Amino acid sequence: MSLADHLPILPVAIPALAAPFALLVMRRRRALAVGIGFAACLAELAVAVLLMERVSGGTILAYALGDWPAPFGIVLVADRLAALMLVLTAVLALIVLTHAVVTRADRKGWHFHALFQFQLMGLNGAFLTGDLFNLFVFFEVLLIASYGLMLHGQGPARLKAGVQYVVVNLVGSALFLIALGMLYALTGTLNMADMGLAVRDVAPEDQGLLRIAALLLASVFALKAAVVPLHLWLPRTYAAATPAVAALFAIMTKVGVYSLIRVVPQVFGEGAGAAAWGPAPWLLPAALVSACVGFAGVFTARSLAEQAAYAIIGSTGTLLIAVAGWSGASLGAGLYYLVHSTLAGAALFLVADVAARRRGSFGDTASPGPAFGGRGTVALLFMAAAIATTGLPPLSGFIGKLLILQSVAALPNWGWAWGVILGTTFIGVIGFARAGSAVFWKTGEDCPAPPAPGTRLDLVAPALALACLAMLSVGAGIATSYADAAAAQVLEPAASAAAVLTEGPR
Amino acid sequence: MSYEFLFASAIGVLVAGGIFLALRARTFQVVMGLTLISYAVNLFLFASGRLVLNRPPIWDKTVSEYTDPLPQALVLTAIVITFGMTAFVVILALRSFLETGSDHVDGDRVPCDAQDGLADGEGAEP
């Protein structure tokens, strides 16, 4: 085995090694910890791009941990979808880390860089693993790190929201384990590819149990994705978290969506008896309501961070409208929109932070405040982020929504999908315009201008996120053809099973 | 009564108690509820390899029938994770109570009822 064959383990191994070192040097040499953080993020990006280059032709890399062959050992599976998520994670991590370092958010506690790397380890692992129990373990890794990051900076509001966040996710973990126990009892395997074959042989009297397990598992992923009615934990948590952390959390809901895309076609696809596409009929109504609730929240939010949190719910709903079609075209459009909505959500949180830092005691409340210095530039950034999130041209949100509208037009319930996507876009535009005009246009009476910030460097990270969105729209042709290919690969579980189970099906 | 029936009803009772407690308003009761649910989940995972009596989980020359070793490994992982998480949520709940003066999960400050023995807001100062 050459070194290149070990490529799939590196996205997990690099942060796992970097985190303890960052922890060790943080107290004495903070600059070194920052350096370790950036070096690890850059290395992860390089590895992710290399992986993407290797799998873009359609090969599926299966990496047997400890060289135990699947289905007995745990495998990491790198295909187009996994590589796409890895690259997205690494890009987002670089942007967020830049913002945290520039705004000195990483100095509010000792463990920011270590927790940040553990969070990336959990995310990368969840995107790579081909084993359901291992997926649970990586979910826990990313959740435990996220608890620490969410509480980073402390304060009563964060602690209050933190308790709720932890309790909700503990219940989610318990449900995840129950679903896993049922699936293992029915199929005798935890490897996703192997389980996809084993569900065909489940006895007729156990079909009900299989269906329950499928729906339970889908509910857990829906909880992570913050799909209505399981979304109530998100706005408070994200609005209370340190803005840089909230921007990183923009990808956490996408982990839930990713898991749905990965597990449902592979395990509960055509041959799964009573559980075949079991979660699918529930997904579209939930997605439609999520989009409505999310963008209604954008309209009513009292602060920019809360608005960004609701925008995350709304855009996840829009994304799931595309996923719920389970056709190659709609899933491809969904994947393109997934990349876009993650970066756009992060940009919103970062811009909210930039505005809050300049408005002194007014923070990011959506009410008229002082005429702070550099208002024009921040307003431009906010407008660009809002345009991207709502899906107006010229940024990639427009292309994403257009692709989704086009692809769902061939599906049965397209009227509902069109109505909701277009309606929520309209509400979102009004909501963002209202908040933006209150913050950046109007000036409150008797508001002395707060002292100008010492640095304009904090504009860099949001600008970087928006530049990525611009690149995504310029390179839309390449991006959509890759997303379509990734979607086609996901909907073709037999090829993946053949690559993972080298011994052949049992 | 069969062994399976006893086992299943034990899980059922644990889950019922756990859900009742987890829906209470105060953090301590919620933590107890989550603990009960996690016990139930561990038992459930253990049973997913079927309940087999007096059989070894690893290879032995003298026996021909085994119990499934994988659920035991899964339960071990699940126990470690839930143990750590429970410890974390206890500390978090304590910090939250000391900083906000309220141990209600929804974070509202309500006048304490008589059974607490705490006057309103007495816990606000750490």
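View 1. Helices (H or I, at least four residues) and strands (E, at least two) are DSSP runs, numbered from the N terminus. H3(B) is followed by B:Gly101, whose phi is positive, near 75°. Residues are numbered from 1 along each chain as its sequence is written, while chains are lettered from A and ligands numbered from 1 in the order in which they are written. Because the model is predicted, local features need pLDDT of at least 70 and side-chain atom pairs count only at pLDDT 80 or more, whereas totals for chains, interfaces and linings use all residues.

**View 2. The contact between chain B and chain A.** Chain B brings 26 residues to this contact and chain A brings 20 residues, two residues being in contact if their C-beta atoms, placed from the backbone, lie within 7 Å. On the side of chain B that touches chain A, the elements giving two or more residues are helix H2 (27-47) and helix H3 (70-100) of chain B, and the largest share, 14 residues, comes from H3(B).

**View 3. The largest nonpolar core and A:Ala346.** A nonpolar core is a set of buried Ala, Val, Leu, Ile, Met, Phe, Trp, Tyr and Cys residues joined through C-beta atoms within 7 Å, and a residue is buried if 20 or more other C-beta atoms lie within 10 Å of its own. The largest such core has 235 residues, of which A:Ile321, A:Ala346, A:Ala347, A:Val351 and A:Ala385 touch the most other members. Helix H14 (residues 328-358) of chain A gives the most to this core, with 19 residues. Leaving aside neighbours within four places in sequence, the contacts of A:Ala346 include A:Leu92, A:Ile95, A:Val96, A:Ala247, A:Ala250 and A:Ala465.

**View 4. The paired strands of chain A.** Chain A has 20 helices and two strands, and strand E1 (residues 61-64) pairs with E2(A) in the antiparallel sense over four bridges, where pairing requires that DSSP finds at least two bridges between the strands. A:Leu61 has A:Ala78 of E2(A) as its bridge partner. From strand E2 (residues 75-78), A:Val75 and A:Val77 point one way and A:Leu76 and A:Ala78 the other way, and all are buried.

Conventions: Buried ≥ 20, exposed ≤ 12 C-beta atoms within 10 Å, placed from the backbone.
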